[in-house]
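Biologist: Could you put the model up so that we can go through it together? I'd like to start with how the chains are arranged and then move on to some detail.

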Protein chains: 2
Amino acid sequence: MPRYKVTVAYDGTKFSGFQSQPDQRTVQGTLEAALTKMNKGGFIRVYGSGRTDAGVHALGQVIHFDYPKEIPARNLLLALNSLLPLDMEVVASERPVADFHAQFDTIAKCYRYRVSRGRFTNPFKRFYTGHYPYPIDVRRIETALLDLLGEHDFTSFAASGGVIKNKVRTIYAATLTVDEAQNELIFEFTGNGFLYNMVRILVATLLEIGNGRRDVHDFRRLFEVKDRQQARGTAPASGLYLKKVYYPGDEAALDQIKMI
Amino acid sequence: MPRYKVTVAYDGTKFSGFQSQPDQRTVQGTLEAALTKMNKGGFIRVYGSGRTDAGVHALGQVIHFDYPKEIPARNLLLALNSLLPLDMEVVASERPVADFHAQFDTIAKCYRYRVSRGRFTNPFKRFYTGHYPYPIDVRRIETALLDLLGEHDFTSFAASGGVIKNKVRTIYAATLTVDEAQNELIFEFTGNGFLYNMVRILVATLLEIGNGRRDVHDFRRLFEVKDRQQARGTAPASGLYLKKVYYPGDEAALDQIKMI
């Protein structure tokens, strides 16, 4: 059967995460329902690049599936969007190599995390940002971000209970942009892989560094101690966006990110 | 008991409308729960300027309530915000005249309606705008908006089933702003009162006028025929924002709006 690779954006607010679950509105379940309807009831299984938790958003989640008919990429995009709810949108569609796998073929991912600042929260940012009301020294965070670059053991930054033994990951880029107009801090992390909750734990730690509650080079110590209890916080799901998934063929774009 | 007047903003996405209902997360129920907790369990009844439907937002909904203690306005705002969920925020708090009533004392209201344009919807605007993918001639809408000004019988623009017999209302201002950067149309309507679903029906009719499906002066006909079936559409709740409620004392601000 022909295989398709599709990039989807979604507002995670009203999804109970990615993975199909009975009686829950999930990303995978919603995509499978649309494709199965398109296929006149024949079930179509969807495979994602990875799960996103409840409330986590995607600007560029990637999925693959096998579909019994040949459909031009553009037509597939239009057909699928006409069947999907309005808080999910197919943004790209293509025919990958025959054995492409959305999860196993990833070479890198990029996550964005938005933090709103200020004494009060904006109720319209509740589902789209984390919130940090305390003073921040941006230069301390910028210094700390440099400690993240390269290969490290992220045991201190992985939610417990994971089955993945090897917690060594490589970070290619870790940036902070200050959006003065929106009064937000915008983090972006690109790496060859991320452990469960890793971005949210990194952000919580970075904010504590920015506030002065932690040493500016505390990441160096946390990589050594390999102890989840030492990096206590986890920033909320609402601020997290899966921005882009990289696959073989995307090396040039990834090299550009590494040079920043 | 001292009476308080409080202005709240909320993201309507996760509220089942304003009015308290068993087992539903509502605006009124959420405010009453916070105030009742503040009052150590003694129930506090909240009165709003009017109901908002499920999914409708507020930038400045006004409520009043009686509370057994004297609290400085600023302290009340801080205490209430510490108890409210993050998708609702008290933005102002004051001591009104003793017999102030949030619903019966209104002299005018202003609603905003956001319409996103373009062939595709942005999934992150699904809960915050209506969407209109068809061509629009903005000048036609601007011409039609002038027909709305003044006193008219809005029977054609009221959802059926309402108990209110008198459907004559006065519109003080009706404006359209084109947000090119966001690719949105932003309507604002200020009037002495609005019937159930009236703003959403007006917007649906205005979009049809802008698209050329209706005569540019169709409002004049619709005021005459007094027939809800002739103004068929209702724009979705997601684009609607209760922006401001006017009370005695706000006449000067209202006069400024009328002059635009």
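**Two chains and one residue**

Modeller: This is a predicted model, and in it chain B is superposed on chain A by a rotation of 180 degrees with 0.0 Å of shift along the axis, at an RMSD of 0.0 Å. That is the relation of a two-fold axis.

Biologist: Which surface do the copies meet through?

Modeller: They meet through the same surface, because 100% of the interface residues of chain B are also interface residues in chain A.

Biologist: How many residues are in contact, and what area do the chains bury between them?

Modeller: On the chain B side 26 residues are in contact with 26 residues of chain A, and the two chains bury about 2100 Å² between them, with 71% of that on carbon and sulfur atoms. Within chain B, the residues that lose the most area to chain A are B:Leu86, B:Pro123 and B:Phe124, which together account for 29% of what that side buries.

Biologist: And which elements of chain B supply that side?

Modeller: At least two residues each come from β1 (3-10), β3 (57-66), α2 (73-83) and β4 (88-94) of chain B, and α2(B) gives the most, with four residues.

Biologist: What's the make-up by class?

Modeller: The side of chain B that touches chain A has 14 nonpolar, five polar and seven charged residues.

Biologist: Changing topic, where does B:His101 lie?

Modeller: B:His101 is in the loop between β4 and β5 (108-116) of chain B.

Biologist: Buried or exposed, and why?

Modeller: B:His101 counts as buried because its relative accessibility is 15%, and the cut-off for buried is under 20%.

Biologist: What does its side chain reach?

Modeller: The side chain of B:His101 reaches two backbone nitrogens, that of B:Gln103 at 3.0 Å and that of B:Phe104 at 3.2 Å.

Biologist: Leaving aside neighbours within four places in sequence, what is B:His101 in contact with?

Modeller: Once those neighbours are set aside, the contacts of B:His101 are with B:Tyr47, B:His64 and B:Tyr247.

Notes. Residues numbered from 1 in each chain as written. Chains lettered and ligands numbered in written order. Predicted model: local features only at pLDDT ≥ 70, side-chain atom pairs only at ≥ 80, totals over all residues. Heavy atoms only, no water. Contact = heavy atoms within 4.5 Å. Buried area = accessible area lost by both parts, 1.4 Å probe. Nonpolar A, V, L, I, M, F, W, Y, C, P; charged D, E, K, R; others polar. Buried < 20%, exposed > 50% of the residue type's maximum accessible area, 1.4 Å probe, protein only. Polar contact = N/O pair within 3.5 Å; in protein donor to acceptor, adjacent residues only side chain to side chain. Least-squares fit on C-alpha atoms with pLDDT ≥ 70 in both.
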